[in-house]
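Dear colleague,

I am passing on a structure that I would like you to look over, with my notes below it. Please read them alongside the model itself.

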Amino acid sequence: MKVLTHTLALIFLSSPLFLHSQKVSINSEKLSNHVYMITGQGGNIGLFEDTDALLMIDSQFGKLTPQILAEIKTISPKTN
């Protein structure tokens, strides 16, 4: 029983590592004139585009920042 418990714990704890090692496809969908939804590894990111700036709502995947910014640049050149 102890071996089974340790095996299940190892699988449970290593699954996030497995997910992070997989290639993630970041995509965007225009919801309205100024609102977009960016999808990828499980969570969604909201993006609001104003005349002067962009507002990103939800930034939980720091490791994917370069891919997320690349997708945002396909929506608007307002990123730096």
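Where is the place of serine 76 in the chain? Serine 76 lies in the segment after α2 (65–75), where helices (H or I, at least four residues) and strands (E, at least two) are DSSP runs, numbered from the N terminus. Please keep in mind that this is a predicted model, in which local features need pLDDT of at least 70 and side-chain atom pairs count only at pLDDT 80 or more, while totals for chains, interfaces and linings use all residues. Residues are numbered from 1 along each chain as its sequence is written, and side-chain values use heavy atoms, with hydrogens and water left out.

To begin with the overall layout, the protein chain has 2 helices and 4 strands, and from the N terminus on these elements follow the order α-β-β-β-β-α. Of the 80 residues in the protein chain, 20% are buried (under 20% relative accessible area, with exposed meaning over 50% and partly exposed in between, for a 1.4 Å probe and protein chains only). Among contacts (heavy atoms within 4.5 Å) between residues at least 6 apart in sequence, 32% join residues at least 24 apart.

Serine 76 counts as buried because its relative accessibility is 0%. Its side chain makes a polar contact of 3.1 Å with the side chain of glutamate 49, a polar contact being a pair of N or O atoms within 3.5 Å, of which, within protein, one must be able to donate a hydrogen and the other to accept it, and residues adjacent in sequence count only if both atoms are side-chain atoms. Not counting residues up to four places away in sequence, serine 76 touches Glu49 and Leu54.
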